Amino acid sequence: MNPAAFLPVLSVSDVQQAAQLIHQAYAPGAHISPDDQRRIQQELLSIQKRPEAWGLVVPFLENQDPNVQFFGAHTAQVKIARDWDSFPQDNALQLRDLLLELTVHAVLAGRTKVILRKLFIALTSLALKIATGGSSDWPDWIISSVNFLSGRGVFTEYMLDFLSIVAEEIDTAALIGPSKMQMHQSLLDAAPMVVQAIISSITQPKEQFRIQEFNSALKCLQAWIPILRGNELTPLIPLLINLLSPSVTPLHPEGEFDESIFVPASDALQEITSKSSLSGGAGSRTLTDPLLTWLDLYGAGFADALSHSFCKLLVALGDHSNSYLASNIVSSVYVPRTRAHLVQNFLRLILGYTALPGYYGVDEEESEMTLGFWYLFQESLWSVEYDLEEDEEGNRQPPQETDKEKEQWAVVKAVYSELVQVLKRKVIWPDRTVLSGWGKDQRDKYQVYRRDVGDTLINAYYILRNDMLAYYLNDLIEHVSARNDSDGWEDIEATLHCIMSIQEAIPLEDNPFLARLFGHEVLGRLPRTGQDRIRRTTLGLIGTYASWFTTQSLTSTPTSSPTLLMNTVSYVVAALPEQMLCLSAANSLRDLCDANRTALAPHIGAFAELHAGLTGIPDTEKCKVLQSIASVIQALPPEEEIPPVQAIVSPVVEKLVQALQSSTQLPEEARTMIVVQLQTLTGVAKGLTRTTDSLLILEESPEEQVEVERVRQARKDYRMIKLREDLFTAIRNTVDMWSTDAGVSDALSELFRSITALPSDMTLLSLPAGPLLELVCFASQRQLTAIWLTLANMLIIQVDPPTLIPSTLKSGPNVEAQTVLSNVLPALLQTSLTALGHPGAMESNPDIVQAFFSCMDTVAKNFVAAFYRLQPGALDTLMRCAIGSLSLQERYSLVSACTFLAALISKTANSDELGDASAMLIQAHGRPIMRAILCGFASVAPRSATVNLIELLMTLNSRHPAETRAWMNEILFADDFVQSKAGPDAKKAFIKAVVSSRSPKKTRDSAQQFILVARGLEGSSFGYASGSM
C-alpha cells in the first residue's frame, strides 16, 4: 500500500512543471532578472497555498535536485503550520508515519542538513498540532520519534540535530494554558534521554570520536539548557570543563588546546551560566568553584584562536558569579585552593583582558567585553554581608568581621586602582601618524569605546573616591611638567577625558583636587592655540563641571578661589574664534554662565567686551554665546539689565528685519538668516529666564515677590517697551511671510516657548501670550500643522495664568482672556474642522488630530463657557468630529479625543453659569458618544486605547446614570451593533455591573472583562497580559 495514498495525487507533468520553476530560480549558474525572480517566487508561493500542494511533498523529496528537495520539505512544514485546519484530521497519524519515513529516507540518502532541518521542523510542527490537547494522538512523541529514528539506523548525530530543533521550536511556539504545560512536560520526560545521548557523544573514546556528532551534541545541549533541571545539568558540568583542558600528544607533551573542541564546550558553559536553572549565581559548588579551579590551572597563555572564546567564558562567569566573587575575595575556604586565591586569580585574568595591548577595534576586540563586569562587581561589593563562613567540610565558622572588611577593601581598592590606570592607558588616542591609517568606522568604534570606558570609571570612583582624583591630578601634573615641546598631548588628553567621564558621581561640593585641576597647575599650562583634540576635551570637561564652580565662595579660602571661574571663562572665550572649537567653546560658555550667573554678574563689563568682539564667530554658535551673556545679565538687578539687554537684542532684531526685507530677492539666504536670528532670540530669552522652578510660584518668598515687582517696573522703561514692540513686529512679519516653511515654523515654535512666561518668570523681553496666540491662529489658517496647534495649547494656558497670591476662591477667567478666546477659538475650530473634515484626513494626520484635541481639552478645562458662546452649529460640528475620532486606529489621536470629551462633559456639568447646557449637550451627543465607546470595546478601537474609553464611560455614568443604562441597553442589543464574540448574557452582565457599580475599580474590571469576551480573548495569554497593562 502506498503510504502517501491519503495525500492528493498530482500528475507527473504538474510535478515537473513546479520543479522546473525551482530549477529556473535556484539552479546553479541561473541568470534571471530580479523581476523574474520575484515572479517565480510568487508563483511557487501560490502553488504552495493550494490544497493540492500536499501532493508535492513526496515527489519533490525524491527528486535529485537539492533545491527541489528543500522545497518539498519546506512545503510539508508550511502546510502543517498554516493550513492544518483544512487537513483531514482522520489522516493525522498517517501523515505522522509518512513524515517519519521520509525523514529516515532523507537521512540515509545523505540529504543536506538544511533539508533535514526542514523535515525536523515539520515533525515538531505536527507534534504541536496532534500531541497536545485532552486526548493526545501522539503521547511521548519526542521519545517515540527518537526510538523510531534509532531503530531505522539513523546516526546519533542526526537524532541530536532533531532534538535541538524540538527544543527551539517549542520555545517559540504560541502555546497557552494546558497545551503549554503538556508540551513542557513532554520535554521534561525526554530530558534524561537527551542528557544521556549528549554524555555518550562527548565522552567517546578517541578512536571513535566524530567531530560532527560532537558539535551536534553541544548544539543540542545549548538548545536544551533552559529546559534541563539542576540535577540533570550537574553531571554535564565536569565533562564540559574537562573538554576545555589541553590534550597531551607525543608532539605536545605539555598539552595543546583543540579549538574545535574548546570553543563549543566554552559556548555551552556560557549558556549554562546565563540561561539555565543554575543562572543568576546558583551552583557555586558545582559550577563556580570548578571553573575557577580550572582557570587557576590553565587560565594563562591562550593563543589568539582561542582567546576570544576564553574571554567570553571569563565574562560569562563574572556575570554569573559576581556576588560570589565579591563575597569570597578574601575567603580562606579551600576548594582545593583558597577561594580568595581563586577569586583574585580570576580578577587578574579578566583585568588582563581589560588591559589588552593595542587599540580596541583595531588591534583587539575583547577588552570592551569585560567592561560590564566591573559595574556588576562594584554593585555586588556594596551588598556583601559577612555572615558565617563554610569550610571545606561544610562547617560554618564566624569570621572576624572588622578585620575581614579591612582586608577585603584593601584588595578591592588595589584591583580598582589597577583598573583605573589600565583604562586610562586604553583611552589614549594614537599619534597622528597611526591615526591617519584608521578608517572612519574604526575611529567611530574607538570613540564609542572611550565613552563606555567612562561609564566603567564611574563604578571605579564609587570604590576609590578622592583617591581616584588624586591619581589623575598627580598624573596630569607629572606629565605636564615633564613634557617637551616635541611631545604630543595624547596622554594628558586621556586623563582629562577620564575626569570628565566621572563628573556625575562626584558630589557637588568644594574639592581641592578639582580646584588644582582648574588652577594654574593644570588648566593654566594647557595649550590655548592649536592642539584641537586636547582643547576640545578640555572645553567639554569645563562644561561638564560648570555647576562645580558654584561651590567656590566669592572670597578666597585655602581650598577655593573665585578667580578659578574667571580664568576658566577666559580659557573658553579664547577658543570661540576658532572654527574647529567654536561649537564646543560656545556650549561650555553657555553651561558656565547658566550655572554661575551670580558669581559672573560683577564681571558684566568683560562680557560686554566679549559681545563687541563676536564678529569672527559663526552665527550658528553666536546664539549660544549671547545666551551665555544673557544668563549673566539675568543676575543683575532688573533696572541694571536694561542697557545690556538692549545692546544684545537690538542688533538681532535688526538683522531679522533685514532678512525679511530681502526675502523676495534672496529667499534661501533670507530663510537661513531668519532661522539663525530666531534661534538667537530664543537663546537670549532662555538666558534671561530665572533658573528657579516656575511650578513653585505659589510658594515664593516675600523677597522673590519683591524681585518680580522690580522686573515689572523695569519692563515699563520706554527702552524695553520699544524693544518689545520692535521684536513683536518682526515676529509678526515673520509669521506673515514664512509661517508655511517647516524650518522657520520650528524656530518660531521654540521662540514662542522661550519668550512667554508665567508672571513669576517674566523677564524684560517676555511677550504677552494673547497677541502671540492670535499670530498662531493666523499661521494655522495659512497652513494647519501640529506645531501651531501645540503652541496654541500652551498659550491658551498663559492667557489667564495663575496669580502669585493663593486664593481659596477660584474665580473664572478674566475679561481680557475671555476676549482673546472669543476671537481665537472660532478661527481655530473653523480651520481645524475644515481640514479634518475631508475624507481620510484624520487617518492621514494623526499628529494634527492629537494636537487639536489636546488644545480643545485645554480650552474645556480653562474656558469651557467659550464653547457655548460659539456660533450655532459650531459646537455640534466639533462634537461630531470628536465622536468620529473615537474609532481611529491611531492610539494617541483616540486618547486625546477621549480626554477632551471627558473634560467637556465634566466641566460643563460643574459650571453654575452654564445652566442647562450640560443636559442639552448630553441630549444631543450622549448616545452617539456611548455608541462609539461600546463599539470601541467590541472591536473598533485599538486594544491599547480601551482604558481611555473606559474612563470616558465612567464620566458619562457618573454624571448621567439613568441615560447611561438606557443607552447601553439600546445600543448593545441593536441589530446594527458591531459583530463581536459577546452574547446576550455577557452584554446583560456588563450593563448590570456598570449601572450597579459604586466603585471605579469595579467599573473598570467589568469593562475589561467585557472587552476580552467581545474580542474572543478571554482566557488567552495575550488577553490576560494586555488586560493587566
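## Salt bridges in a predicted model

The structure holds 41 salt bridges. The model is a predicted one. Side chains of opposite charge can pair when their charged atoms come close.

| Salt bridge | Closest N and O atoms |
|---|---|
| Lys113 with Glu157 | 2.7 Å |
| Lys424 with Asp491 | 2.2 Å |
| Asp1005 with Lys1001 | 2.9 Å |

Lys113 forms a salt bridge with Glu157. Because Lys113 belongs to helix 6 (residues 113-130) and Glu157 to helix 8 (residues 156-172), this pair ties together parts that are 44 residues apart in sequence. Lys113 is partly exposed, with 39% relative accessibility. Glu157 has 12% relative accessibility and is buried, since the cut-off for buried is under 20%.

In the second pair, Lys424 is bridged to Asp491. Lys424 lies in helix 18 (residues 401-426) and Asp491 in helix 22 (residues 490-501), so parts 67 residues apart in sequence are tied together by the pair. Here the lysine, Lys424, is buried at a relative accessible area of 5%, while Asp491 is partly exposed at 24%.

Asp1005 counts as partly exposed, with a relative accessibility of 40%. Lys1001, at 55% relative accessibility, counts as exposed, because the cut-off for exposed is over 50%.

Salt bridges with shared partners also join Asp36, Arg39 and Glu43 into one network.

Terms used: Residues numbered from 1 in each chain as written. Predicted model: local features only at pLDDT ≥ 70, side-chain atom pairs only at ≥ 80, totals over all residues. Heavy atoms only, no water. Salt bridge = Lys/Arg side-chain N within 4 Å of Asp/Glu carboxyl O. Helix = DSSP H or I, 4+ residues; strand = E, 2+ residues; numbered from the N terminus. Buried < 20%, exposed > 50% of the residue type's maximum accessible area, 1.4 Å probe, protein only.
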